[in-house]
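Here are my notes on the model you passed along.

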Amino acid sequence: MIILNDYDSTKEAFLQDAFMGRPPISAFKVNKETDETEALNGLPWRNQRRFSLRLLRDLGFGKSRLDDMLKEEINEVLEHFEESEGRPMSVRPILAPSMSNNIASLIYGRRMKYDDPDRIMLDQIISESARLGGSVIWQVFFPWLSKLVNFFRFGGEGRLDYFTRKMKEFARKEIEEHEKTLDENNIRDYVDGYLIEIHKNKDPAFCKPVLEDMSGAFFGGGSETVRVTIEWLLLSLSTYQDVQAKVQAEIDNVIGQDRSPSWNDHLQMPYVEATIMEIMRWRCAIPLNLLR
């Protein structure tokens, strides 16, 4: 095993093709087509990444086009905070659906109310998968022990496998609904763009089973990690109230109390941005990344 723990060596390694893949035995199960084409675990993954970045940029990722979507989520979060009327509260049940709603809007073109059955199901999948992810390493090195535990505890299907299957079932249903209303002249979200690419691209790695796994990867990478980071930010600001006061002062000075924030505001808020970056460094969501 080789451990890389500084920026220069990590960058040098990940620029090499030899580091593109992950160990063949993984606790995260993917569809047969994804495994055979190495769409998420080999050199073909780069094609998936290149296409996804281009499509997300076209959809407005990282641009002001997403402002309205984010504002809708921010407003709902604030409404739930106001219900506490200043009393101590747990922010996790509020942050979890909000974070994954942003991903759902990009991937499936729709957000869901916090009491929506699909929303509750997705939150449970994301939360449990993240919790069980802590046991991934020993499952990689001792797969026989993992299978033995699953047989006696879960009737042969591990909880991680169960939640992965439920996520795929949800993605499959969404993909089928998108196919019924697909319009090549009006790409609404990531699924629309990917379905069109399937029709155009002869690469076998671009297919619906891979799309199911790609959707799950986006949820896993963009929901729980963001929630953990924001939760750490809130906890840290409540502890270091002098920093909180400076953050609030900059927000009041740049945004004020009469409008919602926009993406361009971050260019005028160096202290707020530095605080966020410091939290991401200090309270790293994934100090040890998944094995390659």
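1. First, a term for what follows: buried means under 20% relative accessible area, exposed means over 50%, and partly exposed is in between (1.4 Å probe, protein chains only). Helices are DSSP runs (H or I, at least four residues), numbered from the N terminus. With that in hand, look at helix α10 (residues 190–200): 9 of its 11 residues are buried, so the rest of the structure largely encloses this helix. The buried ones are Tyr190, Val191, Asp192, Gly193, Tyr194, Leu195, Ile196, Glu197 and Ile198. At its N-terminal end, α10 is capped by aspartate 189, with a side-chain oxygen 3.3 Å from the backbone nitrogen of valine 191.

2. Residues are numbered from 1 along each chain as its sequence is written, and side-chain values use heavy atoms, with hydrogens and water left out. The pLDDT (the predictor's confidence in each residue, from 0 to 100) averages 84 for the protein, and 84% of the residues score at least 70. Confidence is highest in helix α13 (residues 241–254), at a mean of 97, and lowest in helix α8 (residues 143–154), at 52. Where pLDDT is low, the predicted coordinates should not be read in detail.

3. Which side chain does glutamate 174 make a polar contact with? Its partner is the side chain of arginine 110, at 2.6 Å. (A polar contact is a pair of N or O atoms within 3.5 Å; within protein, one must be able to donate a hydrogen and the other to accept it, and residues adjacent in sequence count only if both atoms are side-chain atoms.) Glutamate 174 sits in helix α9 (residues 159–180) and counts as buried because its relative accessibility is 6%. Setting aside neighbours within four places in sequence, glutamate 174 is in contact (heavy atoms within 4.5 Å) with Tyr108 and Arg110.

4. Two glutamates have a backbone worth a look. Glutamate 38 has a positive phi of about 55° despite not being a glycine; you'll find this residue in the loop between α2 (32–37) and α3 (45–58), partly exposed at 39%. Glutamate 85 also has a positive phi, near 55°, and lies in the loop between α4 (67–82) and α5 (92–108). At 64% relative accessibility, glutamate 85 is exposed.

Notes
Predicted model: local features only at pLDDT ≥ 70, side-chain atom pairs only at ≥ 80, totals over all residues.
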